[in-house]
Amino acid sequence: QVGACAGRHLHTQAPVLAARGTAEAMSMALKAVAKKVDVDIKEENLSPDALGLKVSEALSVKGFCVLTPDFEAQHLKSVVSDIESIDRQGRFSQPPELLLEGLLSMAGSARIAEIELHNADDTDKPDGESVRYFDKIMTEMSLAVMPYLPSLQIEVKTRTKGVIHEAGMPPSDGPDLDEETCGKWLTVFAHHKIMCVWALGPGTGTLELQPFDDESNGHAVPMKPGTFVLLRADAMSHRFSAVGKAYCLTCWLQKDNRACKHRDNAKMEYTPCCQALEEWAETKIREYKESFPEEQARISLPRHWELIMNHSNFVSQHISVRTASIKQVASWNPTSWTNSFIPGVDMTQEIPLMRFNVDHHYDANPDAWNWNKINTRHGSFIDGTELFDNAIFRISRAEAAGMDPGHRMTLETGYDALVRDGYKISTIMNTRGGVYVANPPPSEWGMAEKDCISSGVCGGGGSIACGRFSFVHGLKGPCISVDVEAASSLVSVNFACTNLSKTGKWEAIPFALLQSWNLMLTPAFLVHANAGGRTCPGGRCFCFDASANGFTRGECAISLLLKAMTSIVDDQIVVNDGNRIGSLAAAAVNQSGKRANILAPDGSAIQEVIYEAVRQAEISPLDIDAVEVASDAVILFDALEVAATAKALRPEGMPGLDETCPISMLCAKSNFGNQLEAIGASTILRTLMGAHWGASFPEQHLRLINPHIDIEVCDRSAYISTESLEYRMASAYVGITNRSIAGTNCHCIVWGQVNDKKCSTFPEATFKREKIIFWPEGGGQLEDDMAPRRGYQIIGSWNRWEPENMESEGQGIFSATVVMGENRWERFQILLDGDARRVLYPSYDRMDQATKGAPVAGPEEVFHSDSWMIDVRPFFAQEGAIVAADSTDQLSSQDAGKPGDRFKVRLAVKGKWRMVDWENLDAGSKEAKPFPTGTYQICGSWNHAEPQDMTEDKSVPGLFSAEVKFISQGVNAFQIIRNRDWLQAIYPEEQFASSTAHITGPDESMDYMWAIEGDRGDIFQVNFQREVEGSSDTKKVTWSLLRNEELTKAEFDRSKQPMYFAVGTWNDMAFPSRMYWTGEYYQFFVQLGARVQESFQILLNGNAFQCIYPDTPNAHPSDSPELKGPDRLSAGLMWTIGANEADEAEPGKRYEIRLRVGKDYTPAKVDWKPVRDIDGMEDAK
């Protein structure tokens, strides 16, 4: 249940009716459109599954379905008494005016009352037996329809509570809308798809339906008691009215209304009522957020409103983290580095020789520090510390040799971060940009073994790192070096945020560069840390674990570029342009002061610094989703920090705590160790990049939780997760706590949100169904270029796509008769004025077959494959299909019929609405009738797939033959087509098959072929025999060698011409497709799918070991890639259509791939262009 109006989850069982495929749910006969009642359940005696199919047919076409359910009459008589009893209980109320359009309008919803859930504990307000009875049937109706809704691109997961509506004049102007009511109904109207309306009487009313446009005419549905209507609430308005007393019972079927982190709100479709509620809510939230604290105290705001408000409206200045440059363990790429945390990678390793010889310094004795030894052998280490390009920074080799490697890496990462945001050396010179360096003490570099002439204070001094960066790049803003041990990064953040914000007369700086590093160059630190019991002998950070015994160190270098998120332009606050990783909402710093131990954390001080950061961010502590705590993996210290953090962010007794999710406790140190001065900056980047995925990262090495940590969810409302878990919303506030051994406490609150470019969901369907295909009442009118002047013509597979006139039957209906041929299917399109470039075709998902009821698209120029199909072939259930328990695998056909039956195809036009339908005029007739047969052509490699007519043998029915001459030695492949139509290809079930292979087709070619092996000059006779009788369609292909003849000069020249095949992602690189010679180049046609990209290579003679490919991945002609091959070294190197903006790619767009060759037919260039003329391109994939 989500929201106060959420009701029952609908659990469906697999229907026992044989499913007819996705396209079946689209079909709807024209004669059914005008019915007053679409389904009479009692009269037709329908099972629930047959009922669901018929209802979905009506919903797919006109958007509503009127039913006469089978119910017990006595309940209809007594339901009014039950409703009056509900009224006496005081449960009826007048809805606010803004809700009326989403309900049944002012006249239909004068007062409403909700039905209690069946499992409700409140038994003092019974709904009555009859009300429950009708509510139960409404659920059963919903369950019957649900399995068929996905074919209409409708996903329904729940139904709401039932609502009783009283028709009539409202008793008053109605109450004002409040936040609780708005949130409750906004949940319903934002996610509803189907509305169920049941007329309960006692009076008769009318339900007025009208699509959400200004052109369509209204449709009136008579609502006598007992009438039941299902309608697309997301596609049409619905207004009920009655002369006398009348009640309706309604509910809504909803999609999953949980918060979707990958939802693009800009693409969400809101009904007018939902849009009005959304605008009202946004206004209220904005007014509250802009008010003063003392005013907010007087306003009662629901907790979920406050949560949304604080995630979508910022009052205080946020600081954008614009770019990042890192040198971290295992990666120098921020995205790759943070992605590694999702599965929970352990980045620690044994100390390498590039740092020092650990065997010389290690001793497992806990007291080893007494003789200058270390008790840990592990840490996390970065690569490339010895590398540095001194010339780019205008630093001499001698100076570079004496520089602390950390200083060198701050120069590199800092400049890289600036460049990523568009800066150059010339644009940063003499600017007020600030540099804030959280630098380790110089002792690490000073005590390390090194081979250099000089080092001194300029080599590793504590203040020189920030000064050198400002000096090299000419920056004149604040230049601050901070050293407060592990709190250094967040203290630097606090300085940077202050300088980036305009306060008093201070002029904010344009940008701030936050930098830090940590390197383990000498064992000296580990000796001192061992003496203080801070390092873990096990070589891991067992944060929050019962075995916690100190930390292990981690290396890194990191630079973050910070900028103010907003600026004031012409007295208006505007959001600054540019990409950003995330933002810093607030930062606070304090000192623990006097305490029991200088190393120990202070619970009160931690709570105070968290309170201060929350106050500065002007949010609620309940808005924080997770906290990265400053765990040093010490048993009692961990327990104290976790308890203090949970108490600060989930305070007991705070309003809204019960409806707030527990807070997640995290610690990055369990992944890559303690980076000391740099840990804060690394954690900021890790947290913000995790928010791009809408998830927190798992805790490592947690086997048995610290027994002193009492964070039971019910008591402390916190948890520690060993798995990656999603945040509750598409954005998240995460707190980050750092503290130093000297008692400096820092807390920073960061805000990040899902990045759909990085974590895109499954691609949207290239085909988007219209919610209403054909409106019964019509309305509007076709544009001039969409209407014919001389009439409509039909073209199809039965007559080689030659136009035939359609007859007008009046009232906007045009028809033509089609005789079913031997294929048991026929394709067709409709032309305007006989113009082949003005084609009406089905707008359907090209992964499915287009049946009647598919939306009409056009007129425009399209392939013949974009056509309607009348199909009487029986089909077989696929694995996982929904079938009856007692059925066989063979299911009924899409359209009942047989060869020779006449089908009347109708085009209906009512205003701007169009629909194509057909019916079998000979349905039910068992009489065998003559049917049209076709001609056949053979297409083989000996003539580059040019169709060659096969001769019919008059003495043997259905036998066709052709003599073919091989012009090359070896294997020659071929297919057979019908009526010179590549949509009617006949081919074997396997590639390069023998004559014994099973034969498939006629249908669209799948590039499987028969193979004949022979010598140059051999002449074979190929025979094809087809016998169609009843439900049987037998096909047979044979061949035999007749003789051998010498090649003519023309044949010899043609034998020198190679064949090229395209192989690509459109069929998972599985089936090479022949490219055709135009006389100038080889061509092949591709239609982009949902991915809006297709990659391909070219094979010489179809041989995968003779591949032609570019020298770079995802190559594009504009890049002038070099052609490689033919050879077998092509792995990962392909041309890609759609990867370059110049392609202007979009789903369904078609391209011609061209292979240009030299005089000897050797490959010279590959390019492609969008297709504008489709002549001769019916083989497009």
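**Notes on the predicted model**

1. Asp710 sits in the loop between strand E25 (695-696) and helix H25 (713-716); helices (H or I, at least four residues) and strands (E, at least two) are DSSP runs numbered from the N terminus. Val642 is 68 residues from Asp710 in sequence, yet the two C-alpha atoms are 8.6 Å apart in space.

2. A word on the ground rules. This is a predicted model, in which local features need pLDDT of at least 70 and side-chain atom pairs count only at pLDDT 80 or more, while totals for chains, interfaces and linings use all residues. Residues are numbered from 1 along each chain as its sequence is written, and side-chain values use heavy atoms, with hydrogens and water left out.

3. Now the whole chain. The protein chain has 26 helices and 61 strands, and 55% of its 1181 residues count as buried. Taking contacts (heavy atoms within 4.5 Å) between residues at least 6 apart in sequence, 74% join residues at least 24 apart.

4. Which residues have the most contacts inside the largest nonpolar core? They are Val493, Leu560, Leu562, Leu584, Ile684 and Leu685, in a core of 76 residues. Such a core is a set of buried Ala, Val, Leu, Ile, Met, Phe, Trp, Tyr and Cys residues joined through side-chain atoms within 4.5 Å. Leaving out residues up to four places away in sequence, Ile684 touches Val321, Leu490, Val493, Leu560, Leu584, Ile736 and Val750. Another core, of 49 residues, lies apart from it and includes Val61, Val163, Val221 and Phe240.

5. Strand E13 (residues 319-327) is worth a look: nine of its nine residues are buried. E13 pairs with strand E19 (residues 556-564) in the antiparallel sense over eight bridges, where two strands pair if DSSP finds at least two bridges between them. Ile326 stands opposite Ile558 in E19. E13 also runs antiparallel to strand E22 (residues 582-591), joined by three bridges; here Ser320 has Ser583 as its bridge partner.

6. Further along, four strands form an open antiparallel sheet in the order E44-E45-E50-E51. Strand E44 (951-952) and strand E51 (1032-1044) each have a single partner strand, so one side of each is left without a neighbour in the sheet. Twelve bridges link strand E50 (residues 1018-1029) to E51 in the antiparallel sense, and Ile1019 is partnered with Arg1043 in E51.

7. Finally, some backbone details to check by eye. Cis peptide bonds join Gly201 and Pro202, with omega about 5 degrees, and Gly858 and Pro859, with omega about 10 degrees. Pro202 is in strand E7 (residues 192-202), and Pro859 is in strand E36 (residues 856-860). Asn372 is not a glycine but has a positive phi of about 65 degrees; Asn372 is exposed, at 55% relative accessible area. Trp801, also not a glycine, has a positive phi of about 60 degrees, but Trp801 counts as buried at 9% relative accessibility.

How values were computed:
Buried < 20%, exposed > 50% of the residue type's maximum accessible area, 1.4 Å probe, protein only.
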